[in-house]
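Let's read a structure together, one feature at a time. Where would you like to begin?

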Amino acid sequence: MSLNYELPLLEKANYQAFWNWFKEHSQDFYETLQKGELVEEDLISLLAPKVNELDLGLYFLIGLEENSAKLVFTPDGNVRKVYLAEELVATAPEVPYWSFSALKPPTNVSSFSIRMLDLEFDKDKISFYPRINPSYPDEIDLVMIYRPFQEEFADEITNGVFIFLDNFLGEETMIDRIDRLEVRGPGDDISEEIPVEKLPDYIDWREKEFVEKYQDITFDPNEEQFAGFEATLEDGTPIISTINTGAMKWDHKASHPWMFFITLHFEEVNEVGFPTEKEYKLLSDLDNQAYQLLPILEGNIYLGRELGDSQCDIYYACKDYRMASKIADWIVAEYKDKLNITIDIFKDKYWQALERFNF
């Protein structure tokens, strides 16, 4: 079925206006970086408002790289903004002495360190070991060990290690490849600590195995089977679920590791918490449109929906989060004056968030 929906992406003219402005000032910016003086006054204070005007929810990093300058746009870990950073960079013109990229690139660990408060984060203070869960064998689950670990600074240490890894591994690896991360101190229960310098090789090895196992896997639409379920909350509120039991029984869940959850919050409900006829019609329209925009053969699986208690949750599993993020923006824009909507996109290789539907 062909679709005529226009996704609410930023008009390329707005991108172009930004790049025209940047190109006009690029030589001055480059010279400011080379001098290393008045960078805040003559560069950052001018560039930051222009980036904010784009209203993409992006941040930027800027610096010198050999004989050129580099401008990096980052969503700071927000998966729903990754595609916007990539689209913005894709429209960048050729600018002498400048290069542009989306997402923080990896850094050479041998010369890289971060200092936060009185804590330092570098290769000599951080090591790791992998946890392997036989029930979830394809997850990359890492325990990062920081020494000396001080319990009273646990939050600061965890934050510092995450920032270190974000820069050391690069933002794309942190988002796409790592499933779980825990930060702790050394202990007798750790049989072997692995130097953090070896972490990229370990992740590459695990990713290679994963890609070889799942790259050509797609859920067969003919395997879709739906079943209805009813439950009652402790206060007597009824909940009705329609779940794709065919997908929930599938053996290759890890091939679609991203959960895309749409939650509709109803302002008008009947005495048992179900939406009125008007809002139920909007729910049906949204549900059908999302299903059409996220076809199975493009790596998306409709897992069903759960209705009751003044809201409706709609569930998808996706191969990639970029298309889901675009559809999320379309949904929010299309229904912003009609429904109260929240959207969550997160990594969950084995669909553990929906384990209650594994019968």
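Q: Let's start with charged side chains. Which residue meets Arg 322 in a salt bridge?

A: The partner is Glu 86, with N to O at 2.9 Å. Keep in mind that this is a predicted model, so treat every distance here as a property of the model. A salt bridge is called when a side-chain nitrogen of Lys or Arg is within 4 Å of a carboxyl oxygen of Asp or Glu, so the pair qualifies.

Q: Is Arg 322 buried or exposed?

A: Buried means under 20% relative accessible area. Arg 322 has 18%, so Arg 322 counts as buried. Glu 86, with a relative accessible area of 27%, is partly exposed.

Q: How do I read the packing of two helices?

A: Two packed helices are described by the angle between their axes and the distance between the axes. In this model, the axes of H3 and H9 come within 8 Å and cross at roughly 95°. Angles of 65 to 115 degrees count as roughly perpendicular, and H3 and H9 are therefore roughly perpendicular to each other.

Q: Which residues make the contact between H3 and H9?

A: From H3 come Val 82, Tyr 83, Leu 84, Glu 86 and Glu 87, while H9 supplies Tyr 321, Arg 322, Ser 325, Lys 326 and Asp 329. By class, the contact residues divide into 4 nonpolar, 1 polar and 5 charged.

Q: How many salt bridges does a search of the whole structure find?

A: The search finds 23. One of them joins Lys 104 and Asp 76, whose closest N and O atoms are 3.6 Å apart. Lys 104 is in the loop between strand S3 (98-102) and strand S4 (114-116), and Asp 76 is in the loop between strand S2 (68-74) and helix H3 (82-90); the two are 28 residues apart. Lys 104 counts as buried at 12% relative accessibility, whereas Asp 76 is partly exposed at 48%.

Q: Which residue forms a salt bridge with Asp 124?

A: That residue is Lys 123, with closest N and O atoms 3.4 Å apart. Asp 124 counts as exposed at 58% relative accessibility, and Lys 123 as partly exposed at 26%. Salt bridges can also share partners: Glu 86, Glu 172, Asp 320 and Arg 322 are joined into one network in this way.

Q: What is Asp 166 in contact with, leaving aside its neighbours within four places in sequence?

A: Asp 166 is in contact with Lys 104, Glu 171 and Met 174. Asp 166 has its place in helix H4 (residues 154-169) and counts as buried, at 11% relative accessibility.

Definitions and conventions
Residues numbered from 1 in each chain as written. Predicted model: local features only at pLDDT ≥ 70, side-chain atom pairs only at ≥ 80, totals over all residues. Heavy atoms only, no water. Helix = DSSP H or I, 4+ residues; strand = E, 2+ residues; numbered from the N terminus. Buried < 20%, exposed > 50% of the residue type's maximum accessible area, 1.4 Å probe, protein only. Contact = heavy atoms within 4.5 Å. Axes fitted to C-alpha atoms, helices over the stretch in contact; angles between N-to-C directions. Parallel < 35°, antiparallel > 145°, perpendicular 65-115°, else oblique. Nonpolar A, V, L, I, M, F, W, Y, C, P; charged D, E, K, R; others polar.
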